[in-house]
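This report goes through one structural model by parts. Please keep the sequence and the coordinates at hand while reading.

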Amino acid sequence: MLELRDLVCRYGKVTAVKGISLKVERGQLVALIGTNGAGKTTTLKAVSGLLQPAGGSIVFDGVDITRASARKILSLGIAHCPEGRHVFPYMTVEENLEMGCYLRMDKQEIAGDFDRMFEQFPRLAERRQQQAGTLSGGEQQMLAIARALMSRPKLILFDEPSLGLAPNIVERTFDIITGIRDAGTTVLMVEQNALAALEMCDHAYLLESGALALSGSGRELVGNPHVRSAYLAG
Amino acid sequence: MSRLLVSILVALLASVPLWLTDFYYLHVLIVTGIFIVAAMSLNLLLGYTGQLSLGHVAFFGIGAYTSALVSLGFEVHILPDVTVGMAPKPVWFAMLCATAVAGLTGYAIGKLSFRVRGAYFVIVSISFAEVVRLVALNWVELTQGPMALNNIPALTLGFDGFELSFLRKPAFYLLVLTMLVVCYVIIARLVNSRAGRAMIALRENESLAMSVGIDVTRYLVVATVVSAAMAGMAGALYTHYIRIVDPDIFLFIYTVTMVIMVVTGGKGTLAGPIVGGVIFGIVPEVLRGMEIRPEVQWIAYGVLMVLVVYFLPRGIVPAIESYMSSRRRAPKGEAVAVAPEAPQQ
């Protein structure tokens with residue numbers, strides 16, 4: 001469904017991603033793990049068009065999206081749920097969700113999706129008129145996820161969904177992400193919490209300083225001695 | 001605020017020339033009104049897209065000069081034997097030209113300068129205003145330079161056998177009030193539309209706005225064009241009211257005045273520039289009326305500004321709004337909403 005070939009990304013003179021090739025199959029939950037600075041976030045940004053790659057190619061559903069705009073990529077069906085649970089702080093919960101379907105014109109269907117989101121996230125329903133900046137961290141994360149889903153993506157990119165959240169919320173967030181995969185949406189997730197990510201994913205890639213170090217099923221990576229010593233602490 | 005309340009307020013303002021017979025006060029209201037229109041246009045950029053344009057007076061001045069030149073007619077020698085000229089045109093047409101030219105300038109500036117954001121945009125906008133001022137000062141053949149363009153005709157609207165003149169202050173006051181209401185409605189409709197949502201989204205978090213599919217640059221350009229056209233229209237009003245225009249119209253202090261009006265009133269609110277404009281348009285005149293030394297007047301003005309910014313950092317209108325909503329909410333025993341932190345990049 002998504003294929004990266006020799007992707008290279010640079011920030012000025014610094015090469016953050018040094019030729020990564022990976023594949024995401026339809027219906028899978030794929031995890032991208034690695035330490036800080038391994039190039040995980042950069043890779044996601046390149047996929048969603050927030051960053052122009054310096055080389056290589058990105059193909060989604062047979063369409064080359066390497067140089068496409070963020071708008072075009074979103075309309076093809078890739079939603080990005082950025083790091084740090086970004087919401088529009090001075091907009092209400094409802095307005096944030098409206099922004100999520102900014103490119104959609106099917107008003108009737110949107111109304112239905114609103115109902116579904118509020119059903120799935122009852123906390124958001126209670127707070128639909130509240131400014132997003134006043135929500136708790138966990139609620140903001142739910143809102144960010146719901147907003148990404150509002151575009152009805154085929155592929156959804158999660159960047160560090162567990163970052164800065166309380167442990168019980170982290171668990172809930174992972175449940176939601178698994179649920180999204182089970183409902184048929186393909187997921188590509190960047191995560192520092194390697195163990196959790198490996199346990200829930202169908203396939204995983206390990207990045208080390210901008211290059212692919214390992215790939216395999218979650219179970220294979222959990223069993224790998226290098227992964228165990230470097231990422232799972234023993 | 002309810003529609004009824006607004007209508008009453010507008011009707012009250014429209015009745016001012018009937019009972020306010022002192023033309024000096026009417027003059028203060030007219031100039032304040034023109035500056036409020038300019039401040040409202042700035043608010044569209046500063047308040048809704050979050051871009052600080054410190055060259056906003058350039059659009060105002062371009063509007064003023066365009067309207068003056070079109071209504072007076074001009075002739076310039078571009079090359080030794082190429083002359084470009086224009087016969088005097090009616091004032092209403094000149095004002096439309098002013099709006100269009102300012103809007104086009106806004107388009108060009110928007111296209112050029114929104115490659116850069118934040119501090120760089122501020123610098124580009126200041127430089128732009130300064131360049132325009134220098135052109136107005138030195139292109140004597142077109143602008144008369146420091147000698148100023150004078151005898152600018154007043155606006156008259158002629159119908160068959162009936163002529164409406166805006167030479168006198170009461171009529172001009174009503175014209176300014178009408179323009180103010182029109183601009184307010186345009187801005188209100190714009191910011192409550194899809195485009196307005198996009199502008200607010202990009203102000204709050206640009207990369208997030210991009211990731212939900214908003215064409216950020218396009219909406220910045222739309223906001224700049226509307227904003228510039230409105231400022232140009234305000235400049236045209238000013239020209240045909242004062243009826244003389246010189247390069248001092250591009251002075252930085254006018255931009256600062258607009259920014260102060262927007263920031264103290266409450267940027268990103270519809271009523272903010274009006275409240276700020278009324279306060280900072282009228283306060284200097286009130287202080288002048290108190291017959292205190294000019295130095296003291298300016299100190300008092302400065303102190304007032306510092307106090308507003310210090311105690312009401314988001315501006316007067318948001319402060320009133322949050323006070324009202326906390327009073328409404330308090331009986332229900334809900335916690336008062338804490339202002340969220342600014343989004344970090």
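The sections below cover conventions, domains, a sheet and its helix, a hairpin, the chain contact, the nonpolar core and some loop residues.

## Basis and numbering

The model is predicted: local features need pLDDT of at least 70, side-chain atom pairs count only at pLDDT 80 or more, and totals for chains, interfaces and linings use all residues. Residues are numbered from 1 along each chain as its sequence is written, while chains are lettered from A and ligands numbered from 1 in the order in which they are written.

Helices (H or I, at least four residues) and strands (E, at least two) are DSSP runs, numbered from the N terminus. Two strands pair if DSSP finds at least two bridges between them.

## Domains of chain A

Chain A is divided into domain 1 (1-60 + 69-78 + 184-234) and domain 2 (84-152), with bounds that come from an automatic or database domain assignment. The C-alpha centres of domain 1 and domain 2 of chain A are 26 Å apart.

Chain A holds an open sheet of 4 strands in the order S2-S1-S4-S5, with antiparallel pairing. Its edge strands are S2 (14-24) and S5 (63-64) of chain A, each of which pairs on one side only. Within the sheet, S1 (residues 2-11) and S4 (residues 55-60) of chain A pair in the antiparallel sense over 5 bridges. Val8(A) has Gly55(A) as its bridge partner in S4(A).

Helix H1 (residues 40-48) of chain A packs on this sheet and touches S1, S2 and S4 of chain A; contact requires C-beta atoms, placed from the backbone, within 7 Å. The direction of H1(A) makes about 110° with that of S1(A). Axes here are lines fitted to C-alpha atoms, for helices over the stretch in contact, and angles run from 0 to 180 degrees between N-to-C directions. In H1(A), 9 of the 9 residues are buried, so the helix is largely enclosed by the rest of the structure. A residue is buried if 20 or more other C-beta atoms lie within 10 Å of its own, exposed if 12 or fewer, and partly exposed in between, with C-beta atoms placed from the backbone. The buried residues of H1(A) include Lys40(A) and Lys45(A) as well as Leu44(A) and Val47(A). Just after H1(A), Gly49(A) has a positive phi of about 85°.

## The S9-S10 hairpin of chain A

Strands S9 (residues 203-208) and S10 (residues 211-216) of chain A pair in the antiparallel sense over 5 bridges. Leu207(A) has Leu212(A) as its bridge partner in S10(A). S9(A) and S10(A) form a hairpin with 2 residues between them, and Ser209(A) in the turn has a positive phi of about 35°.

## Contact between the chains

The contact takes 20 residues from chain A and 17 residues from chain B. On the chain B side, helix H9 (194-204) and helix H10 (206-211) each supply at least two residues. That side divides into 10 nonpolar, 4 polar and 3 charged residues. Ala, Val, Leu, Ile, Met, Phe, Trp, Tyr, Cys and Pro count as nonpolar, Asp, Glu, Lys and Arg as charged, and the others, Gly among them, as polar.

H9(B) is mostly covered, with 9 of its 11 residues buried; Arg197(B), Arg203(B) and Glu204(B) are among them. The buried residues of H9(B) pack against helix H3 (93-100) of chain A, together with helix H3 (23-49), helix H8 (169-191), H10 and H11 of chain B.

## The largest nonpolar core

A nonpolar core is a set of buried Ala, Val, Leu, Ile, Met, Phe, Trp, Tyr and Cys residues joined through C-beta atoms within 7 Å. The largest one has 157 residues, and those with the most contacts inside it are Ala146(A), Met189(A), Ala204(A), Val37(B), Ala38(B) and Ala234(B). Helix H11 (residues 216-242) of chain B gives the most to this core, with 17 residues. Domain 1 and domain 2 of chain A both give residues to the core, so it lies between them.

Leaving aside residues up to four places away in sequence, Ala146(A) touches Leu97(A), Met117(A), Phe121(A) and Leu124(A).

## Loop residues

Gln28(A) sits in the loop between S2 and strand S3 (29-33) of chain A. Gln28(A) is partly exposed, with 18 other C-beta atoms within 10 Å. The C-alpha atoms of Gln28(A) and His203(A) are separated by 7.5 Å, although the two are 175 residues apart along the chain.

Arg152(A), in the loop between helix H6 (137-149) and strand S7 (155-159) of chain A, has a positive phi near 50°. Asn151(B), in the loop between strand S3 (149-150) and strand S4 (156-159) of chain B, has a positive phi near 60°. Arg152(A) is partly exposed, with 15 other C-beta atoms within 10 Å, whereas Asn151(B) is exposed, with 8.

Definitions and conventions:
Contact = placed C-beta atoms within 7 Å.
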